[in-house]
Amino acid sequence: MTRVAVGLVDYGVGNHSSVHQSLQKIGVRCRVSDDPAVLSPCDLLLLPGVGAFRPAMEALKRKGLDRYLVERASKKRPIVGICLGMQLLTEGSYEGGFTPGLGLIPGEIVPLGPLLWHIGWNTVTRVTDDPLFEGISGQTFYFNHAYKYHGPQQFKVCTTRVEYSFASVVRRNKIIGLQFHPEKSQDVGNALLRRVIEELCRA
Amino acid sequence: MLRKRLIGVITVKDGWAVQSFSYQRYLPLGRPERLAENLDRWGTDEILVLSIDRTAKGLGPDLSLLRKLAALGLSTPLTYGGGIRTAEDAGNVIQSGAERLCVDASLHGNQGAVREMAALVGAQAMIASLPLSTGDGQIRWHDYRTRDSSALAEADLAVLGEGVISEALVIDCIHEGRRASFDPRLVELMPFAQLRLIAFGGISEPSQVSSLLASPRVAAVAVGNFLNYSEHAVQTLKRSPSDSSLRPPAYAVDPER
């Protein structure tokens with residue numbers, strides 16, 4: 001595990017320090033940067049995020065990281081998005097009017113609906129046979145979001161239920177999005193983060 | 001099932017964690033980092049740090065404290081309140097390690113700033129901190145800067161009904177720091193029906209936690225220094241609701257073992 005290096009994409013929006021600390025806790029080497037030259041040698045990129053979609057996407061563009069992430073994904077190199085980072089992986093979001101996203105996973109981000117916000121700890125259910133997420137069903141993670149993924153069923157790996165079900169994990173090959181915060185989900189979250197990083201880098 | 005939350009509160013004054021009594025008398029407890037480490041290990045669902053002197057002293061948010069807390073690698077969600085005046089402050093708070101933030105003073109005279117904060121960090125990250133009391137069958141809203149209070153009118157807090165605030169921290173500012181004394185009428189009389197509430201101030205007993213969480217409006221209860229008074233306090237309080245609305249209690253696993 002110590003040989004794996006994760007690049008934490010620092011685009012000036014969101015909370016990368018928590019993710020950084022979490023990665024250190026699980027024994028992963030980590031580089032935090034907005035510079036593609038620094039991020040490129042890393043085995044996997046992690047896109048964190050807390051905040052609103054539009055300013056986050058604007059920040060990625062300002063730093064030229066949108067093009068870099070798309071190019072990196074085209075080379076089949078793994079990227080994991082967390083919360084807002086997951087939403088940025090999609091084709092766009094209707095938060096504050098439509099804003100195009102990175103387009104790495106088909107689908108869009110839409111309001112949660114009558115619930116307005118989904119804040120707190122909730123359970124996750126695996127809805128495919130993706131072995132990476134075997135055993136995740138019934139585990140509880142921390143969520144904090146107002147928008148959800150809306151897209152083709154084939155990209156939904158796990159769902160979470162409130163008054164209805166929504167996708168809490170999405171995946172397209174080596175691009176994975178986690179709607180919850182594994183870095184803030186205590187031991188269960190750290191274990192998942194470790195497994196996702198290990199398996200994606202091994203594959 | 002979305003669980004309700006037990007939040008551990010750390011009140012900070014002059015950089016030190018303090019035990020507060022009705023926000024008028026304070027006893028020093030120690031470094032906030034040590035308390036945060038304990039709450040993280042004990043399995044609270046969220047940690048709320050309230051730096052209560054930042055606004056009154058004209059200081060911004062305590063980013064230095066937030067960075068110290070972030071360096072601990074806490075794996076429990078962190079909310080911060082104190083000195084947040086602008087969208088830039090809000091962004092800095094999130095960037096420094098908090099998932100959510102609490103606003104108080106801006107609600108009194110600068111609700112435009114609150115809207116700008118929400119546009120930057122998202123409404124899901126926004127909590128309104130409301131020091132309240134009851135009297136004559138109505139809720140009174142306290143301004144801790146002027147020490148005045150006035151009847152809580154929906155018109156005065158229009159921003160709470162606009163979807164830019166996701167939860168309200170209902171603080172019983174009279175009974176805060178006193179055991180088993182939270183006034184449940186604060187929840188019953190609270191306007192803004194769509195707003196989920198966090199009850200705080202004078203909550204120490206399992207029966208209080210159970211009773212408050214039975215209300216569909218209450219998303220969380222927040223407990224301050226009472227969590228430090230007895231062993232396994234978090235575990236005891238988490239076992240109290242009969243309907244298992246809280247996440248089961250669990251201590252963190254020590255990765256060194």
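What share of the 257 residues of chain B counts as buried? The answer is 52%, where buried means that 20 or more other C-beta atoms lie within 10 Å of a residue's own, exposed means 12 or fewer, and partly exposed falls in between, with C-beta atoms placed from the backbone. Before the views, a word on the model: it is predicted, local features need pLDDT of at least 70, side-chain atom pairs count only at pLDDT 80 or more, and totals for chains, interfaces and linings use all residues. Residues are numbered from 1 along each chain as its sequence is written, while chains are lettered from A and ligands numbered from 1 in the order in which they are written.

**View 1. Chain B as a whole.** Chain B has 8 helices and 12 strands; helices (H or I, at least four residues) and strands (E, at least two) are DSSP runs, numbered from the N terminus. Its C-alpha atoms fill a box of roughly 55 × 40 × 40 Å along the principal axes.

**View 2. Chain A as a whole.** Here the count is 6 helices and 14 strands. The C-alpha trace of chain A spans about 45 × 35 × 30 Å along its principal axes. For 203 residues a compact globule would have a radius of gyration near 17 Å, and the 15 Å of chain A agrees with this. Buried residues make up 53% of chain A. Among its contacts between residues at least 6 apart in sequence, 66% join residues at least 24 apart.

**View 3. Where the two chains meet.**

**View 4. Strand 4 of chain A and its two partners.** In strand 4 (residues 79-82) of chain A, Ile79(A) and Gly81(A) point one way, Val80(A) and Ile82(A) point the other way, and all are buried. Strand 4 pairs in the parallel sense with strand 3 (residues 44-47) of chain A over 3 bridges; strands pair if DSSP finds at least two bridges between them. Leu46(A) stands opposite Val80(A). Strand 14 (residues 175-178) of chain A is also a parallel partner of strand 4, over 4 bridges. In this pairing Ile82(A) stands opposite Leu178(A).

**View 5. The two sides of helix 4 of chain A.** Within helix 4 (residues 65-74) of chain A, the buried residues are Leu65(A), Asp66(A), Leu69(A), Arg72(A) and Ala73(A). They lie on the same side of helix 4 because they cover an arc of only 135° around the axis, the arc being that of the directions from the helix axis to the C-beta atoms. Glu71(A) and Ser74(A), on the other side, are exposed. The cover over the buried residues includes strand 1 (5-9), strand 3, helix 3 (53-62), strand 4 and strand 14 of chain A. Just after helix 4, Lys76(A) has a positive phi of about 65°.

**View 6. Helix 1 of chain B and its surroundings.** Pro32(B), Leu35(B), Ala36(B), Leu39(B), Asp40(B) and Trp42(B) are buried in helix 1 (residues 32-42) of chain B. The elements they pack against include strand 1 (5-13), strand 4 (46-51) and helix 8 (233-238) of chain B. Gly43(B) follows this helix and has a positive phi, near 85°.

**View 7. Strands 8 and 10 of chain A.** In strand 8 (residues 118-123) of chain A, 5 of the 6 residues are buried. Strand 8 runs antiparallel to strand 10 (residues 140-145) of chain A, and 6 bridges join them. Trp121(A) stands opposite Tyr142(A) in strand 10.

Conventions
Rg over C-alpha atoms; globule rule 2.2 N^0.38 Å. Contact = placed C-beta atoms within 7 Å.
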